[in-house]
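Start with the structure below.

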Amino acid sequence: MLKLMDKPVSNAPWTPASWQSRPVRQMPAYGDPVRLERAVAELSRLPPIVVSWEVEQLKQQLGEAQRGERFLLQGGDCAESFAECESDLIAKKLKILLQMSLVLLHGMKKPVIRVGRFAGQYAKPRSADGETRGDVTLPSYRGDVVNRPGFTAAEREPDPELMLRGYERAALTLNFVRALVDGGFADLHHPEYWDLDFVQHSPLREAYQQIATSIADSLDFFEALSGGQIHEASQVRFFASHEALLLPYEQAQTRFIPRQNRWYNLTTHMPWIGLRTAQPDGGHVEYFRGISNPVGVKVGAAMDAAWLAELVRILNPGDEPGRLTFIHRFGAQQIEGCLPAMIEAVRATGKSVLWVCDPMHGNTETTAGGVKTRRFDNILGEVQSAFRIHEAMGSVLGGVHFELTGEDVTECTGGARGLADVDLGRAYRSTVDPRLNYEQALELAMIIAGHRPR
Ligand code: PEP
Ligand code: CO
């Protein structure tokens, strides 16, 4: 039974609904509690999208990344949209993530964990509850799982049924990803399957081709030597992640798994808490406290040592490897000033986290023409600073988190083709944050992996 906004209760036992007794930010104001309750009840009867042993497998791998033995590549759209739940777009997103992971694997010489921002990345935090145009104020658009982008009262009304539509699309997306991967699409013997049409004309083509061929050759060589197929190494996996912002949706698929004797959120492998909802006493942290998934928290400049220590205490009291990932996003300008103190703060807790750099969300700017963009050099600069600072402090940067697409969009400037502000109008498709296009994403992976000088 879903009741929203009970009185605050401190130190009450955790349940999938105990977040409701805490202050909760970024929650839509659903007009009809009966319809909300009905949608949540229906959602909770549907089969899960992921299963607990996959979730545990990811957690184990993230634990290895924490020790520097693996590297996490997490990426995808800022927000998925229902309209873009299409086979071609999903396949392209997989291809760019595969290509980037191949380049990282080759350069860093360690296994790469691939986690998509997909199959449920439908809810967005907003800076204001309402949007005003002229003398009309309507609720802000909060992502397709909450309401619709059009500026009419009907479209902006939060609709609980959209949670069901979102869940179905998330399941369709992950089902297609699984089928492609199982069907050999991601077989390392055949990186040519992942080629995108426009790679033919890319300035990066040759460098990428060499890496792909080198990996396929090494695999052939190793298999010839050992006399068999290396299944474990040549089969790749994908995991799903999203910002677990809309707590009624997350609550509905939170299950107790007797075999594991633990609770799991089974809408996704790795939910994360966004910057705007990471208050230690807030509803989101309360919800995350009780699930056993590996969880991420975005970390920004406004947080301090005490805040971080409190998050570690609440979210990872047992110091379980792979359980807690801190995704820092300070911006190229601020990372030097902010990150060292954060690393110290976590170290002082005596517990470990996986550190990941999101070089997107601290580097958003608006052009003179009013377009939201990000510069390739700032994105790269923040990643490079992150590697340097972690290393200098004896810490490990265990992964990167990008907003990207497998398409040829023009949303971020810079990169090998030198996109400028004037190019942004050509193919700007994101309704939220600007994403790296296919080439920019691949180039970034190549530079990080040391394949291209910078
Ligand atoms: C996001 O990842 O799209 C996002 C909103 O990030 P943050 O919470 O770091 O601002
Ligand atoms: Co974003």
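His-361 counts as buried, because its relative accessibility is 18% and the cut-off for buried is under 20%. The model is predicted.

Cys-78 sits in the loop between strand S1 (71–76) and helix H3 (87–108). His-361 sits in the loop between strand S11 (354–357) and strand S12 (364–366). The pair therefore ties together parts that are 283 residues apart in sequence. Cys-78 is buried, with a relative accessible area of 1%.

## Aromatic pairs

The whole structure holds eight aromatic pairs. One of them joins Trp-14 and Trp-263 edge-to-face, at 5.5 Å centre to centre and 70 degrees between the planes. Trp-14 is in the segment before helix H1 (33–45) and Trp-263 is in strand S7 (residues 262–265), so the pair ties together parts 249 residues apart in sequence. Trp-14 is buried at 16% relative accessible area. Trp-263 is partly exposed at 30%.

Phe-118 and Phe-238 form a tilted pair, 6.4 Å centre to centre with 40 degrees between the planes. Phe-118 lies in the loop between strands S2 (112–117) and S3 (130–133). Phe-238 lies in the loop between helix H7 (231–234) and strand S5 (239–243), and the two are 120 residues apart. Both Phe-118 and Phe-238 are buried.

## Ring cluster

Ring pairs also link Trp-14, Phe-256 and Trp-263 into a cluster.

Definitions and conventions. Residues numbered from 1 in each chain as written. Chains lettered and ligands numbered in written order. Predicted model: local features only at pLDDT ≥ 70, side-chain atom pairs only at ≥ 80, totals over all residues. Heavy atoms only, no water. Phe/Tyr/Trp six-rings, centres within 6.5 Å; stacked < 30°, edge-to-face > 60°. Helix = DSSP H or I, 4+ residues; strand = E, 2+ residues; numbered from the N terminus. Buried < 20%, exposed > 50% of the residue type's maximum accessible area, 1.4 Å probe, protein only.
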